[in-house]
Amino acid sequence: MGVVALQHYLAVGAILFAIGLVGFVTRRNLIVLFLCTELMFQGVLVNLIAFGAYHGNLAGQAFTIFVLVVAAAEASLALGLVVLLFRRRNTLNADEWRDLRG
Amino acid sequence: MVGPHAAQLLGQALIAPAAILVLCIVAGVGTVMLLPGRREGAFRKIGGAVALAAGLVLAALVARSAVPRSAGDGYFWVFSAIAVAAALRVISHTRPVYSALYFVLTVLASAGLFVLLHADFMAAALVLIYAGAILVTYVFVIMLAANAGGGGAEGAEYDLYAREPVWACAVGFAVMGVMLFVIFDKAGALPAPAAVRAGDSVRDLGLYLIKDHLVSLQLAGVLLTVAMVGAVIVARRYLSEAAPDVSGQPAALGDDNPHNIPVFGTDNPRQKQYPET
């Protein structure tokens with residue numbers, strides 16, 4: 001790791017995570033909600049890789065691979081659900097589904 | 001690459017907690033203004049400029065405290081600035097397609113950060129999986145739902161107004177402030193970093209995964225398969241939702257006689273009046 005030290009990367013990860021959190025709470029579009037969860041994943045990934053490089057081992061990268069796997073699985077299932085919900089009400093507004101009844 | 005000055009450098013890179021607090025408040029106010037709402041575009045542009053200025057001041061403070069500079073540091077600042085600015089646009093753009101494209105920009109900038117951290121394979125995998133596969137799926141779904149909501153050129157109605165932007169930004173930027181405070185406050189207590197790994201990082205990573213995480217790797221494959229099958233099941237169109245039946249008789253769900261399947265262009269009385277495509 002160069003002169004730019006560990007905490008700089010951790011700060012970038014924290015900022016990405018917080019921005020994703022704000023977006024997840026504020027946006028109403030179902031697809032953008034899931035994009036914001038992916039943003040939070042990005043922050044976590046930056047943290048994992050930075051710690052892995054800091055400790056000089058490969059555990060961070062291995063965990064990143066598993067996070068990518070979970071993100072891919074989550075994206076496929078979530079988008080399947082979004083397509084299903086869109087077919088029912090013809091809208092992507094998350095507020096339409098606040099009572100969780102079909 | 002990491003010499004004896006690294007520990008003393010970690011001790012130097014501190015920022016006053018008050019500065020972090022003020023910057024988070026300013027960035028939060030800017031983000032509240034930037035989020036889509038019932039205000040005109042100039043107001044949102046001012047908000048974006050405020051948030052950007054807060055980020056730049058934070059970067060300048062951090063950069064000032066890291067005294068010995070090296071040539072590769074510029075890439076870190078460029079990549080992180082691109083990542084954070086694109087992330088702000090992801091949550092503030094009123095059209096989901098542009099949000100997805102700005103997210104691709106964030107992913108690419110993160111991949112650049114990974115390269116700086118000697119994680120070459122993960123940078124490539126991030127671009128391939130995130131920017132390549134996942135985001136293409138997102139864009140497909142966005143295109144599928146492109147005409148929903150009845151909005152005009154600006155986008156659907158529910159994309160134009162953020163939900164509770166003030167409280168959400170208060171909570172989100174409080175979380176950010178706490179995390180930044182901990183990161184920069186505890187930086188002096190960190191032990192010295194380990195030496196940079198030399199050699200073929202991709203080969204090392206593959207050997208490490210096979211040797212130490214073999215079962216987890218197989219489970220990841222099983223998880224992906226289960227998710228794929230589950231997505232197909234979830235998004236499947238049931239027969240009752242399909243095209244209206246011509247014969248007037250409802251097609252029985254349990255009827256799996258192949259001669260009863262409606263086929264275009266046959267003498268079957270229940271054939272469809274239109275081709276499949």
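Predicted model: local features only at pLDDT ≥ 70, side-chain atom pairs only at ≥ 80, totals over all residues.
**Entry 1. Chain B overall**

I began with the secondary structure of chain B, which has 10 helices and 0 strands. Read from the N terminus, the order of elements is α-α-α-α-α-α-α-α-α-α. I then looked up burial: 29% of the 277 residues of chain B count as buried. For contacts in chain B between residues at least 6 apart in sequence, I noted that 64% join residues at least 24 apart.

Domain 1 takes 16-68 + 162-192, domain 2 takes 73-81 + 94-151, and domain 3 takes 199-241. I looked up the centres of domain 1 and domain 2 of chain B over C-alpha atoms and found them 22 Å apart.

**Entry 2. Where chain A touches chain B**

I counted 65 residues of chain A in contact with 85 residues of chain B. On the chain A side, the elements giving two or more residues are helix H1 (6-26), H2 and H3. H3(A) supplies the largest share, 19 residues. By type, this side of chain A divides into 45 nonpolar, 16 polar and 4 charged residues.

**Entry 3. H2 and H3 of chain A**

Two packed helices are described by the angle between their axes and the distance between the axes. I looked up both for helix H2 (residues 30-55) and helix H3 (residues 59-89) of chain A: the angle is about 175 degrees, and the axes are 9 Å apart. An angle over 145 degrees counts as roughly antiparallel, and H2(A) and H3(A) are therefore roughly antiparallel to each other. The residues of this contact divide into 17 nonpolar, 4 polar and 1 charged. Among them, H2(A) brings Phe34(A), Glu38(A), Phe41(A), Leu45(A) and Phe51(A). From H3(A) the contact includes Phe63(A), Val67(A), Ala71(A), Ala75(A), Ala78(A) and Val82(A).

I checked the length of helix H4 (residues 73-92) of chain B. Its 20 residues should span 28 Å at 1.5 Å a residue, and the end C-alpha atoms are 29 Å apart, which agrees. The buried residues of H4(B) include Phe76(B), Phe79(B), Ala83(B), Val84(B), Ala87(B), Val90(B) and Ile91(B). Ser80(B) and Ser92(B) are also buried in H4(B).

I ran the same check on helix H8 (residues 165-185) of chain B. Here 21 residues should span 30 Å, and the end C-alpha atoms are 29 Å apart, which again agrees. Among the buried residues of H8(B) are Pro165(B), Cys169(B), Phe173(B), Met176(B), Met179(B), Ile183(B) and Phe184(B). What do the buried residues of H8(B) pack against? They pack against H1 of chain A together with helix H2 (17-34) of chain B.

**Entry 4. Two residues in H5 of chain B**

Ser99(B) lies in helix H5 (residues 96-116) of chain B. Is Ser99(B) buried or exposed? Ser99(B) is buried, because 26 other C-beta atoms lie within 10 Å, and 20 or more is the cut-off for buried. Leaving aside neighbours within four places in sequence, Ser99(B) is in contact with Val32(A) and Leu35(A) in chain A, and with Val90(B) and His93(B) in chain B. I also noted a C-alpha separation of 10 Å between Ser99(B) and Ile142(B), which are 43 residues apart along the chain.

Tyr102(B) is in helix H5 of chain B. Tyr102(B) is buried too, with 21 other C-beta atoms within 10 Å. With neighbours within four places in sequence left aside, Tyr102(B) is in contact with Ala86(B), Arg89(B), Val90(B) and His93(B). The C-alpha atoms of Tyr102(B) and Val226(B), 124 residues apart along the chain, are separated by 30 Å.

Most residues other than glycine have a negative phi. I looked up two exceptions.

- His118(B) is not a glycine, yet its phi is positive, about 65 degrees. His118(B) sits in the loop between H5 and helix H6 (120-144) of chain B. With 19 other C-beta atoms within 10 Å, His118(B) is partly exposed.
- Glu164(B) also has a positive phi, near 50 degrees. Glu164(B) is in the loop between helix H7 (157-160) and H8 of chain B. I found 12 other C-beta atoms within 10 Å of Glu164(B), so this residue is exposed.

Note on methods:
Residues numbered from 1 in each chain as written. Chains lettered and ligands numbered in written order. Domains from an automatic or database assignment. Helix = DSSP H or I, 4+ residues; strand = E, 2+ residues; numbered from the N terminus. Contact = placed C-beta atoms within 7 Å. Axes fitted to C-alpha atoms, helices over the stretch in contact; angles between N-to-C directions. Parallel < 35°, antiparallel > 145°, perpendicular 65-115°, else oblique. Nonpolar A, V, L, I, M, F, W, Y, C, P; charged D, E, K, R; others polar. Expected span 1.5 Å × (residues − 1).
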